[in-house]
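Here are some notes for a colleague who is opening this entry for the first time. Please read them with the sequence and the structure side by side.

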Amino acid sequence: MTEAYSPAELKAATAEPRTRPRKRLSNRWLTFGTFALLLSSWALATGMGPWEPIIKPLFLPSPTLVVQTFFQLLENGFQGKTLGQHVGISLYRFSVAFFFCIVIGVPVGLLMGMSDRFRAIFEPPIQAIRPVPKIALLPLFLIWFGIGNLSKIIVIAAPVFPLIAISAMQAVQSVSIKKIQAAQSLGANRWTIFSRIVLPASLPGIFTGIRLSISIAVTMLVAAELTATSEGIAWMALTAAEFLATNVVIVAVLIMAVIGFGLDRIFWLLETRIVHWSGKE
Amino acid sequence: MQIEPYDCRTRCAVADAKLSIEGVSKVYGSGPDSVEALTPMDLMVQEGDFLCIVGPSGCGKTTLLNLAAGFDRPTAGTLKIDGTEISKPGAERGVVFQQGALFSWMSVLENVAFGPRATGRSAAEARALAMDTLRMVGLDEFAEKYPYQLSGGMQQRVGIARALTNDPEVLLMDEPFAALDQQTREGLLEEIRQLWNRTGKTILWITHSIEEALFLATHIVVMSPRPGRVCASFRSDFGTSEDPMISVTPEFVAAKRHIFELLKAPSPERAQEVL
């Protein structure tokens with residue numbers, strides 16, 4: 001009877017109960033392997049192998065040089081300011097822009113979703129601004145808002161605000177009419193329907209908008225620190241590039257990546273806590 | 001045990017009706033693209049009636065429920081509850097939907113306590129009322145769970161409990177069990193009969209299942225589509241039968257067949273289409 005099954009089939013049948021945990025483990029190893037491969041090819045190509053560096057440190061510093069540079073920057077700072085100050089000022093510009101985008105963008109989006117009149121007033125200008133490349137507006141922002149932090153904050157907020165507002169509006173519009181009708185026939189007034197039905201039901205969409213805009217905001221940070229400043233993590237990368245200090249550039253870029261990733265994780269964590277029911281209906 | 005025709009328009013005097021529907025029609029859109037969802041109809045529902053409206057899709061039964069709930073306004077005619085015209089949704093008309101109308105961000109208890117809270121009761125009162133109803137539908141153990149953690153049948157029971165907690169004058173049920181599997185549905189239908197026996201609520205129940213209507217109703221209104229209209233109405237005593245096997249008795253099957261044939265018979269309009 002056993003001959004009726006091919007060896008592969010038999011193996012598959014007998015291995016069945018163990019596949020799930022094992023598969024999860026092997027997937028994690030695969031991810032780890034990807035990073036190990038990337039890191040080791042970087043190391044081997046930049047002089048950590050037994051041969052001459054294939055890529056000169058001027059173009060791509062070795063991983064150890066990057067780590068060394070990081071500690072040097074930590075100790076000595078960059079161009080008269082500590083690494084902490086550079087990261088701090090960038091985080092300040094980023095956070096203020098992001099904070100106001102959420103605090104103003106979400107309510108504006110909610111109002112646009114709730115009321116057609118509000119939408120008629122606010123949506124056309126927001127939609128008109130959306131496709132304009134905001135980096136092109138940087139010189140204007142500098143003229144209008146000066147060379148201080150304000151112009152930097154505004155250039156970061158410029159693409160983030162419409163994204164957050166529009167996603168909040170769409171989140172409201174996609175709230176199931178049945179849930180609103182259910183609340184109405186349970187005797188809820190307009191305010192209760194907004195605060196206990198529309199707002200919570202829109203939260204998943206609002207979170208998606210916020211998380212999408214994090215990467216955009218980090219990109220805009222670079223644009224914001226292109227000119228008219230002498231501090232900030234993106235400015236550090238741009239300035240170091242002028243001196244061909246690629247090791248400093250890479251450290252700065254990695255720090256920005258960590259900031260972006262960290263913020264995304266924070267909002268992801270908030271999302272799974274606050275809208276735990278999302279996607280489970 | 002049988003069904004017998006009655007005139008749903010003159011079930012009782014308008015003044016005595018719990019829910020009265022007088023000359024109500026609904027037309028969607030205007031001009032040549034307009035759709036007549038409901039031709040003018042009259043219907044009196046007396047207190048304590050379990051009225052099932054049965055018919056295929058497009059017969060206007062959901063339109064009628066939306067009008068009774070106040071989600072929509074009739075093109076002509078008036079709907080009244082206890083003599084007061086229905087113009088918007090209200091807590092005296094509890095609605096149970098097919099599915100997806102639970103508040104996913106609230107626990108089962110918060111869902112069920114929503115009505116009393118919204119109608120001005122204190123949090124503690126609302127909680128106590130909600131627990132009572134949950135106990136009645138056998139879900140008190142699941143009070144702290146979220147809707148997504150429950151099966152489809154349990155979710156529908158939460159929906160029913162939520163509507164009941166406001167102690168509405170009329171329960172409007174829009175095919176509440178249509179999305180459930182056969183076994184779950186049969187169990188819940190039995191529970192609905194007991195619930196109606198215990199509470200004596202006036203119920204307007206929309207369904208496309210003749211069997212469901214016969215099993216539950218004291219009164220059955222049969223509607224047919226294109227355009228939506230009432231084509232027959234019956235008084236039934238299967239709904240109050242004590243026999244657990246009522247749905248396989250010859251009388252029940254005969255009644256089912258009678259209504260089935262009524263629905264299958266081509267309407268005069270459709271006969272003309274064929275010609």
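**Notes on chain B and one site in chain A**

1. Within chain B, eight residues of domain 1 are in contact with nine residues of domain 2. On the domain 1 side of this boundary, the residues that touch domain 2 divide into seven nonpolar, one polar and no charged. Domain 1 of chain B is made of two stretches, 3–92 and 169–246, while domain 2 covers 100–167, and the centres of the two domains, taken over C-alpha atoms, are separated by 24 Å. Please keep in mind throughout that this is a predicted model.

2. As for the chain as a whole, chain B holds eight helices and eleven strands, and its C-alpha atoms fill a box of roughly 65 × 45 × 35 Å along the principal axes. The radius of gyration of chain B is 19 Å, which agrees with the value near 19 Å that a compact globule of 275 residues would have. Buried residues make up 45% of the 275 residues in chain B. If one takes the contacts in chain B between residues at least 6 apart in sequence, 70% of them join residues at least 24 apart.

3. Strand β8 of chain B, residues 170–174, deserves a careful look, because five of its five residues are buried and the strand is therefore largely enclosed by the rest of the structure. B:V170, B:L172 and B:D174 point one way from β8(B), whereas B:L171 and B:M173 point the other way, and all are buried. A reader may wish to note that B:D174 is among these buried residues.

4. Which strands pair with β8(B)? One is β7(B), which runs parallel to β8(B) and is joined to it by four bridges; in this pairing, B:V96 has B:M173 of β8(B) as its bridge partner. Another is strand β9 of chain B, residues 202–207, which pairs with β8(B) in the parallel sense over five bridges, and here the bridge partner of B:L171 is B:I203 in β9(B).

5. Turning to the boundary between the chains, 22 residues of chain B are in contact with 16 residues of chain A. The elements of chain B that give two or more residues to this side are β7 (93–96) and α2 (108–118), and the residues on the chain B side divide into 13 nonpolar, seven polar and two charged.

6. Is A:S230 buried or exposed? A:S230 counts as exposed because it has 11 other C-beta atoms within 10 Å, where the cut-off for exposed is 12 or fewer. The residue lies in the loop between α9 (190–224) and α10 (233–242) of chain A. Leaving aside residues up to four places away in sequence, A:S230 touches A:Q79 and A:W235. The C-alpha atoms of A:S230 and A:L254, which are 24 residues apart along the chain, are separated by 20 Å.

Technical notes: Residues are numbered from 1 along each chain as its sequence is written. Chains are lettered from A and ligands numbered from 1 in the order in which they are written. This is a predicted model: local features need pLDDT of at least 70, side-chain atom pairs count only at pLDDT 80 or more; totals for chains, interfaces and linings use all residues. The radius of gyration is taken over C-alpha atoms; the globule rule is 2.2 Å times the number of residues to the power 0.38. A residue is buried if 20 or more other C-beta atoms lie within 10 Å of its own, exposed if 12 or fewer, and partly exposed in between; C-beta atoms are placed from the backbone. Two residues are in contact if their C-beta atoms, placed from the backbone, lie within 7 Å. Ala, Val, Leu, Ile, Met, Phe, Trp, Tyr, Cys and Pro count as nonpolar, Asp, Glu, Lys and Arg as charged, and the others, Gly among them, as polar. Two strands pair if DSSP finds at least two bridges between them. Domain bounds come from an automatic or database domain assignment.
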